Amino acid sequence: MTNPETTTTIVRLKNSGQESNPERQPAVRKTESQFSFQFRDIENTVRPFEGSTGLSVRRWIDEFEETATLFKWNEMQKLIFGKKSLTGIAKLYVQSETGITTWKKLKTALIEEFDVRITDADIHRQLAKRRRQKEETMQQYFLIMKEIASRGSITDDSLMEYIIDGIEDDSSDETILYGAETIKEFKVKLRHFEKMRGKIISKTTKDKERKKLPDKDAQNKSKDKGKCYNCGELNHKSADCRNKAKGRKCFKCNKFGHIASECGKTKGGEKDSASTNATVNIVTTQLSQMQITVFIRNKDFEALVDTRSHLNLLRDDIYQSIGEPNLKKTDVRLLGFGRSCISPRGYFTTRFTIDKDDFETDFYVVSNDVMKFPIMLGNDLLEQAELIVNRSGVQILKSKPDSDPPIAAINYIGKAELDIGENVSAAERRKIKKLVDDYMPNKTKDTNVETVIVVKDDEPISCTPRRHPPAERKVIDDQVQEWVKKQIVEPCTSEYASPVVVVRKKDGSPRVCIDYRRLNKKICMDRYPLPVIEDLLDGLSNMKVFSVIDLKNGFFHVAVAPDSRKYTAFVTANGQYWFLKTPMGLSIAPIFQRYINIAFRPLVQQDIVLIYMDDIIVLARDEIEALERLRIILETASEYGLELNLKKIEATEETNRVSRLYN
């Protein structure tokens, strides 16, 4: 019986030294040389398959069969060598199964158990995470990255960029690696880079060793002399200083008891008036435009307007000059004055005048040495006034009360006012209006579509909260609280933080948006295709009645994957939040097209509806069909919990009117 672990190769050699005379030439001598291969001789040529690494089982099978073809293994040898090449959970799996008696059965079993499709996004993540290790040569690092890229359809340009990003080395210039058009050119640049890097590291090492060499003269000098850091003299240390009881010495005035930073005199002993005047001049020049005159109890004072201060502050000497009104106790502590934490004496409430406008607010009294200006006006006053700043200076105007109280939010109450074309009959109008009025989202189905964000590198993007006027801050706070209540966002702690901006709609009302521009540069784009506009318009040709439906807050219907929520984080003055639903502004717009296509796919295939992002067009040949199809669409939308913008629902028989939506 043939040993399945032995492969025999017969080499037949013809004796070339025999004469060609057929009479004298004996029978051709045949020399047989037999080579025996066992598994331990060729096991290094077969990559082991562990089952839990990034190696695809189909790729491993292809490599194994290439080796089997090279060595001309039969089916029995493939089975035995294949089992010997398994390790880890793959080996445990095969040992736990019965009936695997042929290579074909083994291959089928492995594919059924370990065939996990690796997407290009997974490979992009692996390449972005992989960094060159210190012990790796450039060639080893290149080959490892190339093997990871070979698991999917990664372009050469992307691979070269990932390799360059993974080289974290400050000792050499990585710019020489750019500009290669092929992998072959890139490998040449990589060899030059490693050679240059080796020279730089060698030179740096020598310099460090040279610096570490002890200076014998300096050592001898330090032994002989020591410097006292108390009086500055040599030949003794601070612990042995005879002037230690006098305190530390000032090297400006050469007196004991204070240090130079606390000294008010120059080395000559005179007052340093030049430096003091310079400080005053700089402050006056920079802040003169932010000063305003304030009248308090028939006395006028110069006040500084500071939009970063939360409180109104008043100096103690000004407090005494206006008659020392009764102070109320406070636990407020002020940071940033006098390089320390300051506790005000208290606060009082008073009326005062600015440009003939009367105001009433609280003033906190602080000591004279912590504030140069007599009065500082902060946001406590600005909440009841309008601040105007221009080249000529600053102006504070009292806010005019509105005739009606401000409205923080508007909720639609009542029946929808539909835009129904004039050609639709009165009976059909009533039926359409009843269908829309009775609509209610009742989510019973889900598309299982989530927003997954893939970034090109792991470097976080963060920023501090942007400053906003008090009116905009209220808009932001109200919007965030509404999102929290509707479970669209939640408080979080994330290394990512994008800023909040307030923009104006066409009607002038504010809209709260997140500025994701920096994050979008790092996001791998979603390549889901959008419908072709021309194809959508062609679908209108044989139809006569159209119902146009606009979805409300379309992106908020799609959940954000838990692992991707950290990227959506934004920061406000009141904290940090991330989105549970997909926000607008990210470079993943087609995600909603994917969501809505899955929800209405059967109806799209039946030519009942056309969809482009959050616009839905119901197609029909007559009014009866239009009403039935509208009912079907609304039922489907209700099952997936879609919210409709009731103010943007139209029913018409004009094809041009529908076409304008896409033009």
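How many of the six residues of strand β23 (residues 615-620) are buried?

1. Basis. This is a predicted model, in which local features need pLDDT of at least 70 and side-chain atom pairs count only at pLDDT 80 or more, while totals for chains, interfaces and linings use all residues. Residues are numbered from 1 along each chain as its sequence is written, and side-chain values use heavy atoms, with hydrogens and water left out.

2. Overall content. The protein chain holds 20 helices and 24 strands; helices (H or I, at least four residues) and strands (E, at least two) are DSSP runs, numbered from the N terminus. Of its 663 residues, 35% count as buried, buried being under 20% relative accessible area and exposed over 50%, with partly exposed in between (1.4 Å probe, protein chains only). Of the contacts (heavy atoms within 4.5 Å) between residues at least 6 apart in sequence, 62% join residues at least 24 apart.

3. Strand β23. Six of the six residues of β23 are buried, so the strand is largely enclosed by the rest of the structure. One side carries D615, I617 and L619, the other I616, V618 and A620, and all are buried. In a regular strand the side chains alternate between the two faces of the sheet.

4. Partners of β23. Two strands pair if DSSP finds at least two bridges between them. Strand β18 (residues 545-550) pairs with β23 in the antiparallel sense over six bridges, with S547 opposite V618. Strand β22 (residues 609-612) is also antiparallel to β23, through four bridges; there L610 has I617 as its bridge partner.

5. A three-stranded sheet. An open sheet with antiparallel pairing has the order β15-β21-β20. Its edge strands, β15 (489-491) and β20 (570-572), each pair on one side only. Three bridges join β20 to β21 (residues 575-579), and V571 stands opposite Q576 in β21.

6. Helix α5. The 12 residues of α5 (residues 103-114) should span 16 Å at 1.5 Å a residue, and the end C-alpha atoms are 16 Å apart, which agrees; the expected span is 1.5 Å times one less than the number of residues. Buried in α5 are W103, L106, A109, L110 and F114. Seen down the axis, these buried residues fall within an arc of 125 degrees, so they line one face of the helix; the arc is that of the directions from the helix axis to the C-beta atoms. Their cover includes α2 (57-71), α3 (75-84) and α4 (88-96), whereas the face turned away from the buried side carries the exposed residues K104 and E112.
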